[in-house]
Amino acid sequence: MPDSLSDLAAALRRPVTDGKDLKAIETLCEAFLDRPKAERARAARELPRLARGADTVLLLSAMAAVSGDLRYYDELLDTLEGNLAQSRLEGLLHIHCCIGRQLFLMRMNPASRPGFFEERQFPFYRRIVAEIRRRQAVVPPARRAGGADTGRVVLVTNQFLSLRHQPSRDLLSYAALLEDRCGREVVILNTNIMPSDIHSLFVPSFAASVETAFTGKQMVEVDGRAYRMLSSVEPCVSPGKIGWFMEAMAALDPDAVLSLGGSSVVADLMAGTRPTLCIPTTTGATLSLADIVLDFGGGAAPADGPLARSWRPFRFLHSLAGAAPRVAGSRAAFGLEEDAFVCAVVGNRLDDEADGAFLAMLEALFDRAPRAVAVFAGHTGALPRRLAASRH
């Protein structure tokens with residue numbers, strides 16, 4: 001540990017000039033993930049002494065990454081909230097997304113700081129939304145009292161990419177369901193709010209993907225069906241972007257605003273002015289200011305906290321439009337023995353994600369579990385050749 005700790009401290013003291021510098025620090029932090037808990041905690045406590053003069057956000061986020069201790073995020077948020085009015089919105093949102101990603105990847109120990117989501121993460125996001133509203137003088141368009149329904153619903157997403165991106169497919173499935181079964185006109189707002197660049201010195205950093213082809217007002221055609229979409233690829237939460245979406249909300253005058261996924265800033269700016277509902281895209285608690293926040297499936301109702309009133313039970317059992325009906329099958333039909341321990345790998349990007357490193361991990365697992373076998377479901381081109389070369 002001494003060498004890796006001293007290397008990390010030296011990297012934290014040096015000026016960080018680009019993403020490569022942050023990635024190098026992230027790699028040094030990852031070296032501690034498999035160390036014993038006490039050793040990780042001890043290393044984190046040593047860092048302030050060894051890395052004097054390091055940027056506060058950089059140092060505290062590195063200490064959290066090394067130890068998995070959420071209390072360092074407490075300190076980080078204390079620092080930010082003491083100077084929130086002067087902080088750049090892009091930096092605040094970037095840090096929020098980075099923390100959320102660490103929690104989603106289960107890199108942090110929830111027992112190290114019980115109540116972190118309810119007491120710190122959610123209130124921090126609420127303050128970011130309030131700061132956007134205040135600084136950009138956002139006035140969400142409210143419904144006219146006594147006005148008739150328009151029959152229109154707006155479906156808001158932080159990120160629409162392609163049909164290889166499952167949440168994007170889910171979005172189109174929900175749009176089709178709302179139109180076909182509920183008789184609603186649906187307009188998709190692709191906001192691309194999550195930072196696509198580095199706006200803070202937080203490690204591990206996070207940058208979202210943006211599909212530049214989806215910009216402006218357009219019709220997206222998928223499987224012979226057209227979807228109306230308004231999309232912006234302007235950076236993060238720039239005033240022009242937020243203002244454009246608020247103008248679109250006013251012009252569309254939707255009966256309800258539905259967001260797919262948490263931390264949907266544009267949808268949450270509408271909370272309190274229109275009926276709002278959030279459909280989750282992952283397990284875990286969903287950050288949303290919507291009137292109704294659905295559960296991803298199998299969760300328990302929160303007894304208190306910010307979602308105590310808005311949470312509703314929900315199971316994510318929606319089938320893709322055009323999916324083939326279920327057909328009874330058997331292990332024998334796939335050449336699998338009845339007593340085999342079967343691991344199913346399902347994906348839309350198997351050629352990209354079931355790469356050499358992934359297969360090496362499976363091989364190391366199967367070396368120790370001789371009855372285990374993996375099956376792959378999804379479109380592939382190169383994967384069968386990789387599998388043929390495997391010793392399993």
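Guide: Burial comes first. Buried means under 20% relative accessible area, exposed means over 50%, and partly exposed lies in between (1.4 Å probe, protein chains only). Glu-39 is buried, with a relative accessible area of 19%. Arg-35 is partly exposed at 24%.

Visitor: What should I know about the model itself?

Guide: It is predicted: local features need pLDDT of at least 70, side-chain atom pairs count only at pLDDT 80 or more, and totals for chains, interfaces and linings use all residues. Residues are numbered from 1 along each chain as its sequence is written, and side-chain values use heavy atoms, with hydrogens and water left out.

Visitor: How many salt bridges does a search of the whole structure find?

Guide: A salt bridge is a side-chain nitrogen of Lys or Arg within 4 Å of a carboxyl oxygen of Asp or Glu. The search finds 25. One of them links Glu-39 to Arg-35, with the closest N and O atoms 3.1 Å apart.

Visitor: Which side chain meets Asp-74 in a salt bridge?

Guide: That of Arg-113, at 2.6 Å from N to O. Helices (H or I, at least four residues) and strands (E, at least two) are DSSP runs, numbered from the N terminus. Asp-74 lies in helix H5 (residues 71-81), and Arg-113 sits in the loop between helix H6 (89-104) and helix H7 (116-135), so the pair ties together parts 39 residues apart in sequence.

Visitor: Is Arg-113 buried or exposed?

Guide: Buried, at 14% relative accessibility. Asp-74 is buried too. Arg-113 also forms a salt bridge with Glu-119, at 2.7 Å from N to O. Shared partners join Asp-74, Asp-78, Glu-81, Arg-113, Glu-119 and Arg-120 into one network of salt bridges.

Visitor: Now the strands. How many residues of strand E2 are buried?

Guide: 5 of its 6 residues, in the run 185-190.

Visitor: Which strands pair with E2?

Guide: Two strands pair if DSSP finds at least two bridges between them. E1 (residues 152-157) runs parallel to E2, joined by 6 bridges. There, Thr-157 stands opposite Asn-190. Between E1 and E2 the chain passes through helix H8 (residues 166-180), in a right-handed β-α-β crossover. Right-handed means that, with the strands pointing away from the viewer, the path from the first strand over the helix to the second runs clockwise.

E2 also pairs with strand E4 (residues 225-231), parallel, over 4 bridges. Here Ile-188 stands opposite Met-229.
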